[in-house]
Amino acid sequence: MENRYMGALALSWAKLLSEEVEVVPSITSKVQLEDGNSLLLEEGKPSRIPRWMANKMSRGVQVREKEPDVKEFSTAAWVEQNDQKNLKKVDPLIYARASLWLSSGERKELRASLSELLSVRRRKVIEAALSNRQDQAFYAAMTLEERMLYEDLRRSLDQWQEMLSSVLSGLVPGGEVL
């Protein structure tokens, strides 16, 4: 069975890989682009290129990017926990970024902070689905992955309620009353 959530994560990864990042080449090089054009990257001169290209050139460029801040995620988790009703807006690509950050070695503190934040958010999404919350601000604060979870839970709960209504109405499978 296909995991739809991994598909959503793949979409987030595609967006992440298409983002431009600042790179500083260690050597001057000409990069051939898929459209037939070329891009000149000069040694020591910062340039902006898509992340996927920077990943392919990892030996020849240094990517300049803000490192994830463990305190920032710990604070975000604390804030999220202390507001029981609302979901805070986060980077829509947080799941893809977390995967990227954690793929580069052992980062126990970062993993713990991210895990805490994402667990609190998951709990809030589950509670919103259980209570059939229809709040637009809450929905807008969810990431793609969280919206999928919410919608899947709502669909399952609606189907369960429909089955309960049938049972309590005395209907048997096929819709007939005996």
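**Close-up views of a predicted model**

**View A. Glu-20, with a relative accessible area of 46%, counts as partly exposed, and its side chain meets that of Arg-48 in a salt bridge.** The nitrogen-to-oxygen distance in this salt bridge is 3.9 Å.

**View B. The protein as a whole is built from 7 helices and 5 strands.** Read from the N terminus, the elements follow one another in the order α-β-β-β-β-α-β-α-α-α-α-α. The radius of gyration is 23 Å, whereas the globule rule gives 16 Å for 178 residues, so the protein is more spread out than a compact globule. Buried residues account for 30% of the 178 residues, and the protein exposes about 11,800 Å², of which carbon and sulfur atoms supply 55%. When contacts between residues at least 6 apart in sequence are considered, 62% of them join residues at least 24 apart.

**View C. The largest nonpolar core of the protein is made up of 11 residues.** Among them are Phe-73, Ala-77, Val-90 and Ile-94, together with Trp-101, Leu-110, Leu-114 and Leu-117. Helices α3 (70–82), α4 (94–102) and α5 each supply at least two residues of this core. Leu-117, once residues up to four places away in sequence are set aside, touches Phe-73, Ala-76, Ala-77, Glu-80 and Ile-94. Apart from this core lies another one, of 9 residues, including Val-21, Val-23, Leu-41 and Val-61.

**View D. Ser-113 is a buried residue of helix α5.** Ser-113 counts as buried because its relative accessible area is 4%, and the cut-off for burial is under 20%. Leaving aside neighbours within four places in sequence, the contacts of Ser-113 are with Val-70, Phe-73 and Ser-74. For a sense of scale, the C-alpha atom of Ser-113 is separated by 31 Å from that of Leu-157, a residue 44 positions away along the chain.

**View E. Two salt bridges are shown here, one between Lys-66 and Glu-72 and one between Arg-107 and Glu-67.** The side chains of Lys-66 and Glu-72 meet with a nitrogen-to-oxygen distance of 3.1 Å. Lys-66 counts as exposed, because its relative accessibility is 62%, whereas Glu-72 is partly exposed, with a relative accessible area of 38%. In the salt bridge of Arg-107 with Glu-67, the closest N and O atoms are 2.6 Å apart. This second pair links distant parts of the chain, since Arg-107 is in the loop between α4 and α5 and Glu-67 is in the loop between β5 (61–64) and α3, 40 residues apart. Arg-107 is partly exposed at a relative accessible area of 23%, while Glu-67, at 52% relative accessibility, counts as exposed. Elsewhere, salt bridges that share partners join Glu-19, Arg-51, Glu-65, Asp-91 and Arg-97 into one network.

**View F. Asn-132 has a positive phi value, near 55°, although this residue is not a glycine.** The residue is located in the loop between α5 (108–130) and α6 (136–141). Asn-132 counts as partly exposed, because its relative accessible area is 35%.

**View G. Trp-160, Met-163, Val-167 and Leu-168 form a nonpolar patch on the surface.** Together, these four residues have about 460 Å² of accessible area. Leu-168 has its place in helix α7, which comprises residues 144–168, and this leucine counts as exposed because its relative accessibility is 74%.

Technical notes: Residues are numbered from 1 along each chain as its sequence is written. This is a predicted model: local features need pLDDT of at least 70, side-chain atom pairs count only at pLDDT 80 or more; totals for chains, interfaces and linings use all residues. Side-chain values use heavy atoms; hydrogens and water are left out. Patches are made of residues with over 30% relative accessible area and no salt bridge: like charges are joined within 9 Å, nonpolar side chains (Val, Leu, Ile, Met, Phe, Trp, Tyr) within 5 Å. Accessible areas come from the Shrake-Rupley method with a 1.4 Å probe; for residues, only the protein chains shown count as cover. Helices (H or I, at least four residues) and strands (E, at least two) are DSSP runs, numbered from the N terminus. Buried means under 20% relative accessible area, exposed over 50%, partly exposed in between (1.4 Å probe, protein chains only). The radius of gyration is taken over C-alpha atoms; the globule rule is 2.2 Å times the number of residues to the power 0.38. Contact means heavy atoms within 4.5 Å. A nonpolar core is a set of buried Ala, Val, Leu, Ile, Met, Phe, Trp, Tyr and Cys residues joined through side-chain atoms within 4.5 Å.
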